[in-house]
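Please take a moment to look through the sequence and the 3D structure shown below before reading the notes that follow. The notes are grouped by topic, so that each part can be checked against the picture.

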Amino acid sequence: MDAASAFFQSFSSPPRYASLKRFTPLSPRVQHHLLKVYSTLAAAVVLSCFGIYLHILLRIGGILTTIGFVVSTLWLISTSSSPTEEGKRLKLLAVAAACQGASLGPLVELVLEFDSRILVTAFIGTAAIFVCFSAAAFFARRREFLFLGGILGSIVTAFCWLQFASMLFGGSSLYFMVEIYGGLLLFVGYVLFDTQMIIEKADRGDLDYVKHCLDLFIDFAAIFVRVLVILTKNAGERTEKDSRERRNNTRRR
């Protein structure tokens with residue numbers, strides 16, 4: 001077993017999840033698959049945090065790491081899911097996660113300079129959103145949220161057209177609000193859809209846990225960015241409001 005496989009599999013510990021598995025109306029094969037998916041997702045999140053740390057130390061985040069994320073993601077998707085390629089695909093997932101973290105590094109660094117508590121709150125909030133909506137997908141009726149696929153795809157197309165229009169005519173505060181809050185709702189929807197899609201695929205024999213982990217990791221990162229931006233924006237507005245009030249009180253005196 002190579003180092004990448006050992007790292008990702010170290011996050012899988014079936015005894016800890018045995019009590020949770022008894023509450024889910026899923027077959028043992030699907031339960032085991034989901035365990036591998038979420039343990040691998042936890043490892044990917046850790047590697048993404050490591051990528052953020054590398055950016056803070058070395059200032060590596062930017063266009064190159066974004067390209068690295070895209071290339072490694074496409075390479076992973078195009079690689080066969082056969083057992084002989086598992087180690088290679090885990091390495092590609094590790095590279096993608098680290099590059100994504102490094103790409104988020106400049107934003108995270110800016111937030112740390114403003115108020116480090118926002119970063120912790122954003123991560124906890126993202127984890128809570130992700131866990132709650134994943135649980136909703138687990139306990140919902142089978143295929144109940146699969147209809148969201150077409151709706152979410154249409155929303156993505158609309159966002160692409162909005163992005164194109166903003167490039168031509170300039171952005172606005174309204175577009176920013178739509179992109180942030182609408183994007184948050186979009187990826188929350190994708191958590192529901194992707195989770196149920198993973199369950200359905202696993203039930204039909206598709207046990208590609210690396211690809212399924214990648215889908216959820218993209219959802220998690222997208223939600224985290226938007227929660228972080230929303231919290232930072234709200235904190236900045238509160239700080240500015242408090243500053244104005246202090247200036248007004250000083251003038252009255």
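How many helices and how many strands are there in the protein chain? The protein chain has 9 helices and 0 strands, and from the N terminus on its elements run α-α-α-α-α-α-α-α-α. Please keep in mind that this is a predicted model.

**Overall picture**

- Of the 253 residues of the protein chain, 40% count as buried, and the accessible surface comes to about 14,200 Å², of which carbon and sulfur atoms hold 66%.
- When contacts with a separation of 6 or more are considered, 84% of those in the protein chain are made by residues 24 or more positions apart.
- Helix H8, with 31 residues, reaches 44 Å from its first C-alpha to its last, which is close to the 45 Å expected at 1.5 Å a residue.
- After H8 comes Gly-205, a residue with a positive phi near 105°.

**The nonpolar core**

- The largest nonpolar core has 59 residues, and the ones with the most contacts inside it are Leu-34, Leu-41, Phe-217, Ile-223, Phe-224 and Leu-228.
- At least two residues of this core are supplied by each of H3, H4, H5, helix H6 (116-139), helix H7 (148-169), H8 and H9, and the largest share, 15 residues, comes from H9.
- Leu-34 touches Leu-26, Phe-138, Ile-198 and Ile-199, if residues up to four places away in sequence are not counted.

- Ala-97 has its place in helix H5 and is buried, with a relative accessible area of 0%.
- Leaving aside neighbours within four places in sequence, Ala-97 is in contact with Ala-44, Leu-47, Ser-48 and Phe-217, and Phe-217 is also among the core residues with the most contacts.
- The C-alpha atoms of Ala-97 and Ser-72 are separated by 9.3 Å, while the two residues are 25 residues apart along the chain.
- Thr-65, which lies in helix H4, counts as buried at 9% relative accessibility.
- With neighbours within four places in sequence left aside, Thr-65 is in contact with Ile-60, Cys-99, Ala-102 and Ser-103, and its C-alpha atom is separated by 9.6 Å from that of Gly-51, 14 residues apart along the chain.

**Salt bridges**

- The count comes to 6 salt bridges, and one of them joins Glu-109 with Arg-59, the closest N and O atoms being 2.8 Å apart.
- Another salt bridge is formed by Arg-89 and Asp-208, whose closest N and O atoms are 2.6 Å apart.
- Because Arg-89 lies in helix H5 and Asp-208 in the loop between helix H8 (173-203) and helix H9 (209-252), this pair ties together parts that are 119 residues apart in sequence.
- Are the residues Arg-89 and Asp-208 buried or exposed? Arg-89 is buried, with a relative accessible area of 3%, and Asp-208 is buried as well, with a relative accessible area of 13%.
- The side chains of Asp-115 and Arg-117 also meet in a salt bridge, at 3.0 Å from N to O, and here Arg-117 counts as exposed at 60% relative accessibility.

**A nonpolar patch on the surface**

- Which residues form a nonpolar patch on the surface? The patch is formed by Phe-50, Tyr-53, Leu-57, Leu-58 and Ile-60, which together have about 510 Å² of accessible area.
- One of these residues, Tyr-53, has its place in helix H3 (residues 28-58) and is partly exposed, with a relative accessible area of 47%.
- Ile-60, another residue of the patch, is also one of the contacts of the buried residue Thr-65.

Technical notes. Residues numbered from 1 in each chain as written. Predicted model: local features only at pLDDT ≥ 70, side-chain atom pairs only at ≥ 80, totals over all residues. Heavy atoms only, no water. Patch = residues over 30% accessible without salt bridge, like charges linked within 9 Å, V, L, I, M, F, W, Y side chains within 5 Å. Areas by Shrake-Rupley, 256 points an atom, 1.4 Å probe, with all protein chains shown as cover. Salt bridge = Lys/Arg side-chain N within 4 Å of Asp/Glu carboxyl O. Helix = DSSP H or I, 4+ residues; strand = E, 2+ residues; numbered from the N terminus. Buried < 20%, exposed > 50% of the residue type's maximum accessible area, 1.4 Å probe, protein only. Expected span 1.5 Å × (residues − 1). Core = buried A, V, L, I, M, F, W, Y, C linked by side-chain atoms within 4.5 Å. Contact = heavy atoms within 4.5 Å.
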